[in-house]
Amino acid sequence: MAQKVAVLGTGKIGEALLSGMIRGGWSPARLLVTARRPERAAELRERHGVEAVSNAEAAKSADTLILTVKPQDMGTLLAELAPHLPADRLVISGAAGVPTAFFEERLAPGTPVVRVMTNTPALVDEAMSVISAGSHATEEHLVHAEEIFNGVGKTLRVPESQQDAATALSGSGPAYFYFLVEAMTDAGILLGLPRDKAHDLIVQAAIGAAVMLRDSGEHPVRLRENVTSPAGTTINAIRELENHGVRAALIAALEAARDRSRELASGT
């Protein structure tokens, strides 16, 4: 951990990574941040004890740069970094849909790039971060990226060709569950429960189901069957879900998210 790491464009996800690294043993003296607004930079400095610098300064002095700006802002950021960034620095991108080739074309030849798609549960150390190597990234670079992102959850390596699918499934995944909880809470209100009680019931059911999926080793079909008694309440509900095409709608939604990730990669 003698290296210096800079988080560029430190928003919520960037700050979650920063705090996770500090909890994992990184000294704040080894961490740099950049932010668009001076007041945000001051806030990060005060909260975490890290140094706030310009993007150019980060490129010159950090061994690893984690780019957490929006995909549409990445080209502008790379143009700012390129004159100052040596080819031996590791660049980690967290931008949805932007391939490693995009970075390699704009930075010094041979610059190692690792692409990572994480998700918002990084804010509570329960992220799923999907990691792919660019053409110049080595095993050492991948291990280094895993060390950083393991501080806020779990990591999984995939070929870059699978990143758009992972973005649709995992990067956007929390939103689908929030949508489901919202709909089920509304159903609870329709059935006569106060909103706060309906919310608490659904949230705890979601947490319990997630822990069972993670820890039991059982297939989700088996877990669902364990709740589904013959001629009972659950099978009636599942019949209605199937009648309304919920399974097909989910598949179509994930395909749409994947396609949008591809569009982002093409600059659309």
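**Close-up views of a predicted model**

View 1. Thr 185 counts as buried, at 4% relative accessibility (buried means under 20% relative accessible area, exposed over 50%, and partly exposed in between, with a 1.4 Å probe and protein chains only). The residue belongs to helix α8, residues 173-190 (helices, H or I of at least four residues, and strands, E of at least two, are DSSP runs numbered from the N terminus). When neighbours within four places in sequence are set aside, Thr 185 is in contact with Arg 195, Ala 198, His 199 and Ile 202, contact meaning heavy atoms within 4.5 Å. This is a predicted model, in which local features need pLDDT of at least 70 and side-chain atom pairs count only at pLDDT 80 or more, whereas totals for chains, interfaces and linings use all residues. Residues are numbered from 1 along each chain as its sequence is written, and side-chain values use heavy atoms, with hydrogens and water left out.

**View 2. The salt bridge between Arg 47 and Glu 15.** The structure holds 20 salt bridges, a salt bridge being a side-chain nitrogen of Lys or Arg within 4 Å of a carboxyl oxygen of Asp or Glu. In one of them, the side chains of Arg 47 and Glu 15 meet at 2.5 Å, N to O. This pair links distant parts of the chain, with Arg 47 in helix α2 (residues 38-48) and Glu 15 in helix α1 (residues 12-23), 32 residues apart. Arg 47 is partly exposed at 48% relative accessibility, whereas Glu 15 is buried, with a relative accessible area of 13%.

**View 3. The salt bridge between Arg 23 and Asp 125.** The closest N and O atoms of Arg 23 and Asp 125 are 2.4 Å apart in this salt bridge. Because Arg 23 lies in helix α1 and Asp 125 in the loop between β6 (113-117) and β7 (127-133), the pair ties together parts that are 102 residues apart in sequence. Asp 125 counts as partly exposed, at 31% relative accessibility.

**View 4. The salt bridge between Asp 259 and Arg 258.** Asp 259 and Arg 258 form a salt bridge in which the closest N and O atoms are 2.8 Å apart. Asp 259 is partly exposed, with a relative accessible area of 33%, and Arg 258 likewise counts as partly exposed, at 24% relative accessibility.
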